[in-house]
Amino acid sequence: MDKQEFFTGQVFDAWRWFGAHIREQSVIFRVFAPNAVKITVTGAFNGWKEDELKQDGRSGFWERIVPDAQPGQFYKYRIYTHGGTVVEHCDPYGFAMELRPGCCSVITDPDEYAFTDADWMSARTAAPDAPLNIYELHLGSWRRNPADAENGWYRYDEIADLLIPYLQGHGFTHVEFLPLSEHPFDGSWGYQNTGFFAPTARYGTPAQLKQLIDRLHHAGIGAIMDFVPVHFAVDSYGLALFDGMPLYEYPHPDVGESEWGSCNFIHSRREVRCFLQSAADYWLDQFHFDGLRMDAVSRLIYWQGDPARGVNGDTMAFLKNMNAGLKARHPSALLIAEDSTAYPGVTRPVSEGGLGFDYKWDLGWMHDTLSYMQTPPDGRAERRGQLLFSMEYFPNEHYLLPLSHDEVVHGKAAIAQKMWGADLTDKYAQARAFYLYMFAHPGKKLNFMGNELGLRVEWSEAAELDWSYADGMFHTFFRALSQTYRDHPALHADYAPDAFRWLDADGDAPCVFAWERRGAGERLLAVCNFADEPYAFPLPCPDCTVLLHTDWERFGGQAKENGRSFLADGDGISLELAKFSAVLLKIVED
């Protein structure tokens with residue numbers, strides 16, 4: 001590693017130098033701590049005594065070669081500070097950690113697993129016209145392992161046998177894991193980290209995680225991980241006051257503490273930039289992740305995420321440099337922003353003045369659409385703009401439509417339960433129409449686990465999904481819809497100028513929405529009736545094939561698949577839509 005580039009914020013592989021690296025007969029430990037008086041390493045290899053590290057001048061670079069240290073052994077650093085205190089820390093660049101509540105780092109060879117996915121890696125793409133249907137997953141609560149009486153967790157490699165056929169059977173192209181980097185508190189879901197280079201020990205070893213990703217790739221499924229570049233856990237053994245002084249965090253509490261009670265990274269420090277962009281590179285390089293979803297990007301754009309406070313120049317410089325560097329090193333990997341702001345150019349390349357992401361979560365679409373669906377039918381006419389507005393700004397970015405974990409917790413209710421309805425029949429009818437609207441709307445797709453089941457209970461990380469819903473008709477509908485999305489290229493052509501156009505519905509039917517999708521020589525027509533009464537929609541084409549109807553009997557509706565969906569009258573051909581129903585048709589051209 002070029003130390004000068006480390007101090008100027010240009011290093012993306014600091015993990016190759018820092019951390020515990022295994023040699024033939026020893027392990028070399030390296031750590032950065034410019035304010036420390038003395039640093040020792042203690043672990044199983046020295047009977048938990050202390051071996052002192054040596055500093056390279058006053059550079060802050062400390063290292064020690066320890067003979068006979070072995071893979072799998074635990075270790076910690078003891079940091080002696082100018083204040084006279086001694087604090088034990090895990091290794092900021094440690095490649096593995098022990099299971100919580102333990103906090104030791106673990107000597108691990110980052111190259112111990114040999115991937116066999118070269119064909120996948122060479123063929124994968126971040127192309128905007130490719131299908132992208134993401135299943136967001138909390139690995140510890142998707143399925144519970146009856147063989148693990150204490151925690152109920154499957155190992156990374158064990159869960160592959162269950163997860164892969166499930167993803168394939170539902171038409172998902174990618175699985176997105178909530179953060180897998182090590183974290184002390186289960187209830188943080190991985191968003192408050194202590195080990196930015198260490199896969200959580202809850203589900204096994206780094207090699208077992210690599211095996212899971214390898215198998216996903218062989219099954220034709222991409223893997224995305226949530227990455228947290230804004231803040232870190234306050235636990236004393238982590239990054240907080242690492243060398244007795246604020247090193248990774250701000251020195252001032254008014255900007256140093258996040259809204260989640262964690263420590264905000266100080267991105268103006270070039271060493272911190274190298275730490276974070278090296279962590280991002282590590283997951284893409286060493287684990288073959290196909291993308292990173294970056295959490296809380298609004299906090300990297302504006303001070304504390306508040307536009308009124310203005311753009312944070314230091315964090316923006318960090319973000320642009322990191323994204324440009326990651327795309328240069330991993331051009332086919334996906335960089336996805338969770339960003340709730342209207343800041344322009346989030347998905348424009350850095351070279352063109354943008355922030356360099358491939359996709360941005362459309363949180364405005366999510367809020368407006370769910371608000372509309374929670375409104376009683378007699379109030380929807382005046383809210384028509386909530387469903388029309390998304391396409392007014394859609395051309396500005398490459399958007400992804402998210403129904404994430406954040407929408408099914410903390411009293412917000414499960415997605416199906418959010419739907420207005422006098423009874424379950426109405427709720428599920430609207431949920432089906434809502435989901436067809438989502439999948440036919442331009443933009444890539446993301447659903448949190450359980451959405452596909454039509455759950456009516458919120459998610460909890462402490463229990464597995466209620467799989468009794470898997471036998472329900474909504475689940476049957478979602479599988480059919482998801483496969484229909486994958487099978488029709490017009491639904492993937494999200495960003496071409498002619499990929500979408502609204503069709504004027506009758507002015508007396510303000511709760512009916514119709515639009516056309518085009519792509520790869522295919523034309524599709526989507527019509528949604530969100531009113532509580534039937535409607536006959538006049539078709540603009542002489543010949544159409546019904547691809548999916550939310551009111552089919554096998555989905556819980558009333559219509560037979562081989563029955564009549566079209567009405568002929570003196571004015572032409574109309575499509576018969578029941579209340580709270582939607583249909584996707586293929587336009588057959590001569």
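Analyst: Trp-189 is found in the loop between strand E12 (181-182) and strand E13 (195-199). Helices (H or I, at least four residues) and strands (E, at least two) are DSSP runs, numbered from the N terminus. The model is predicted, so local features need pLDDT of at least 70 and side-chain atom pairs count only at pLDDT 80 or more, while totals for chains, interfaces and linings use all residues. Residues are numbered from 1 along each chain as its sequence is written, and side-chain values use heavy atoms, with hydrogens and water left out.

User: What is the phi of Trp-189, and is Trp-189 buried or exposed?

Analyst: Phi is positive, about 60 degrees, although Trp-189 is not a glycine. Buried means under 20% relative accessible area, exposed over 50%, and partly exposed in between (1.4 Å probe, protein chains only). Trp-189 has a relative accessible area of 11% and is therefore buried.

User: Where does Leu-241 lie, and what is its phi?

Analyst: Leu-241 is in the loop between strand E15 (231-232) and helix H6 (253-256). Its phi is likewise positive in a residue other than glycine, near 45 degrees. Leu-241 counts as partly exposed, because its relative accessibility is 46%.

User: Which peptide bond is cis?

Analyst: The bond from Arg-100 to Pro-101 is cis, with omega near 10 degrees. Pro-101 belongs to the loop between strand E8 (86-89) and strand E9 (105-106).

User: Which residues does Ser-141 touch?

Analyst: Ser-141 lies in helix H3 (residues 139-142) and counts as buried because its relative accessibility is 0%. Not counting residues up to four places away in sequence, Ser-141 touches Met-449, Trp-459, Ser-460, Glu-461, Ala-463, Glu-464 and Leu-465.

User: How is the length of a helix checked? What span should H9 have?

Analyst: The expected span of a helix is 1.5 Å times one less than its number of residues. The 17 residues of helix H9 (residues 313-329) should therefore span 24 Å, and its end C-alpha atoms are 24 Å apart, which agrees. The buried residues of H9 include Met-316, Phe-318, Leu-319 and Met-322. Among the elements that cover the buried residues of H9 are helix H7 (270-286), strand E17 (291-294) and helix H8 (298-301).

User: How many residues has H15, and which elements do its buried residues pack against?

Analyst: Helix H15 (residues 473-487) has 15 residues and reaches 21 Å from its first C-alpha to its last, close to the 21 Å expected. Its buried residues include Phe-474, His-475, Ala-480 and Thr-484. The buried residues of H15 pack against strand E10 (133-137), helix H4 (156-169), H14, strand E21 (444-448), strand E26 (544-549) and strand E29 (581-587).

User: How is the packing of two helices described? At what angle do H14 and H15 pack?

Analyst: Two packed helices are described by the angle between their axes and the distance between the axes. Axes are lines fitted to C-alpha atoms, for helices over the stretch in contact, and angles run from 0 to 180 degrees between N-to-C directions. H14 and H15 pack at about 10 degrees, with their axes 11 Å apart. H14 is therefore roughly parallel to H15; angles under 35 degrees count as roughly parallel, over 145 as roughly antiparallel, 65 to 115 as roughly perpendicular and the rest as oblique. The residues making this contact include Tyr-428 and Phe-439 of H14 and Phe-477 and Leu-481 of H15.

User: What is the angle between H10 and H14, and which residues meet there?

Analyst: Helix H10 (residues 363-374) and helix H14 (residues 424-440) pack at an angle of about 155 degrees, with their axes 11 Å apart. H10 and H14 are therefore roughly antiparallel to each other. Trp-365, Thr-369, Leu-370 and Met-373 in H10 meet Gln-430, Phe-434, Tyr-437 and Met-438 in H14.

Note on methods:
Contact means heavy atoms within 4.5 Å.
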